[in-house]
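I set down here, in order, what I looked up in this structure.

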Amino acid sequence: MDFTDKRVLVTGSSRGIGRATAGEFAARGARVAVNGRTADSTRDGVARLGGGERFHAAPGDVSTAAGCRAAVRAAAEALGGLDILVNSAGVGVAAAFAETDEALWDATVDINLKGTFFCCQAALPHLRAAGGAIVNIASDAGLMGETGLSAYCASKGGVVNLTRALALELAPGVRVNCVCPGYVDTDMVRRDGIDKADDPAARERALADYAPLKRIALPAEVARAIAYLASDDAAFVTGAALPLDGGSTSGRS
Ligand SMILES: NC(=O)c1ccc[n+]([C@@H]2O[C@H](COP(=O)([O-])OP(=O)(O)OC[C@H]3O[C@@H](n4cnc5c(N)ncnc54)[C@H](O)[C@@H]3O)[C@@H](O)[C@H]2O)c1
C-alpha cells in the first residue's frame, strides 16, 4: 500500500489506535493531520509521532459540529486538501444501563457518533474533489450487544449503519468503510475499561479469553486494516464493516 503524497486526517490521533494509524499512513508516504481535543493534546500527539514535515496539527473537539469543522479546516489548510479521513476519536466507559446518566450518554454519542457524522460532512467537499475515502472506527460493540456498555453499543451500532448509508449516498466518488475491532491494547482497555480487575493475572485471563484467537489486538494491526480500506487495493470496497476481533463476533463455540 502506497500513500505517497496522500493527505490524511486522523481524528483522535494523540494516542491509541489513532496515533498508530497516523504513523502507519506516514510510514507509507502520506502527510498526516493529527487531531486531539485541545491544542495542547494535539501538539503532544504531533511530538510523540516525531513531528517533522509529515505531521501537522489539526486540533478540534469532535463532540460538536463546530469542533469537527475546525479540525477539518486546519487539516485541509495544512495539507492543501484531503484524500482520506479516519474517524478514530472515541470514548468507551463501562456503566450499567440503570446507572448511565444523561451526561455519559451525551458524551458517548456526541464524540463517537455525532463527531463521526459531522467530520464526514465537513470533509466531504475535499474528499469529493480528491476522489477520496473515509474509514470510521466502529467496534465489535457495533455488531453485537455487550452488557454494561449500552450507550457505547448504541453509538457504535450507529457508526456501522452511518457507514453504510454514506457508502450509498457518497458513491461513486467517495468510498466509506468501517473497522469493528474487539479489544485493542490501548488506554481505553488498559486504563478505562476492563483493567478494573484488582488481580493482574485475572485481568490477563479475561483479556485472553475475550476472543477465540486468545489475545487482544495491537493498535498496529487495526492501523494496517484501516490503511487497507483507505488504499487503492480496496478500490471496489465500500459500505463494509470489517471485524478485527479474533473471532469474537463469529458466534458461540
Ligand atoms: N481500545 C479498544 O479496545 C477499542 C475497541 C473497539 C473500538 N475502539 C474504538 O477505537 C477508537 C480509538 O480508541 P482507542 O482505543 O485508541 O482509545 P484511546 O482512549 O487510547 O484514544 C482515544 C482518542 O480519542 C481522542 N478523543 C476523545 N475525545 C475527543 C474529542 N472530543 N475530540 C477529539 N478527540 C477526542 C483522545 O484524545 C484520544 O486521542 C475509538 O473510537 C474507540 O471507540 C477501541
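Entry 1. Why does the ligand lie between domain 1 and domain 2? I found that domain 1 (7–182 + 218–243) and domain 2 (185–216) both give residues to the shell around the ligand, so it lies between them; the domain bounds come from an automatic or database domain assignment. I noted that this is a predicted model, in which local features need pLDDT of at least 70 and side-chain atom pairs count only at pLDDT 80 or more, while totals for chains, interfaces and linings use all residues. Residues are numbered from 1 along each chain as its sequence is written, and side-chain values use heavy atoms, with hydrogens and water left out.

Entry 2. I looked up the shell, taking a residue as near if one of its heavy atoms lies within 4 Å of the molecule. Of the 28 residues around the ligand, Ile17, Asp61, Tyr152, Val184 and Thr186 come nearest. The shell comprises 12 nonpolar, 11 polar and 5 charged residues; Ala, Val, Leu, Ile, Met, Phe, Trp, Tyr, Cys and Pro count as nonpolar, Asp, Glu, Lys and Arg as charged, and the others, Gly among them, as polar.

Entry 3. I then looked for polar contacts (pairs of N or O atoms within 3.5 Å). A polar side-chain atom of tyrosine 152 is 2.6 Å from a ligand oxygen. For arginine 15, a side-chain N or O atom lies 3.0 Å from an oxygen of the ligand. Serine 88 places a backbone N or O atom 3.0 Å from a ligand oxygen. Taken alone, the ligand exposes 830 Å², of which the protein buries 96% (Shrake-Rupley method, 1.4 Å probe).

Entry 4. Which elements give two or more residues to the shell around the ligand? They are α1 (16–27), α5 (150–170) and α6 (187–190), and α6 gives the largest share, 3 residues. Helices (H or I, at least four residues) and strands (E, at least two) are DSSP runs, numbered from the N terminus.

Entry 5. I turned to the backbone. Most residues other than glycine have a negative phi, and most peptide bonds are trans. Alanine 171 and proline 172 are joined by a cis peptide bond, with omega about 5°; proline 172 lies in the loop between α5 and β6 (175–181). Aspartate 5, in the segment before β1 (7–11), has a positive phi near 65°.

Definitions and conventions. Polar contact = N/O pair within 3.5 Å; in protein donor to acceptor, adjacent residues only side chain to side chain.
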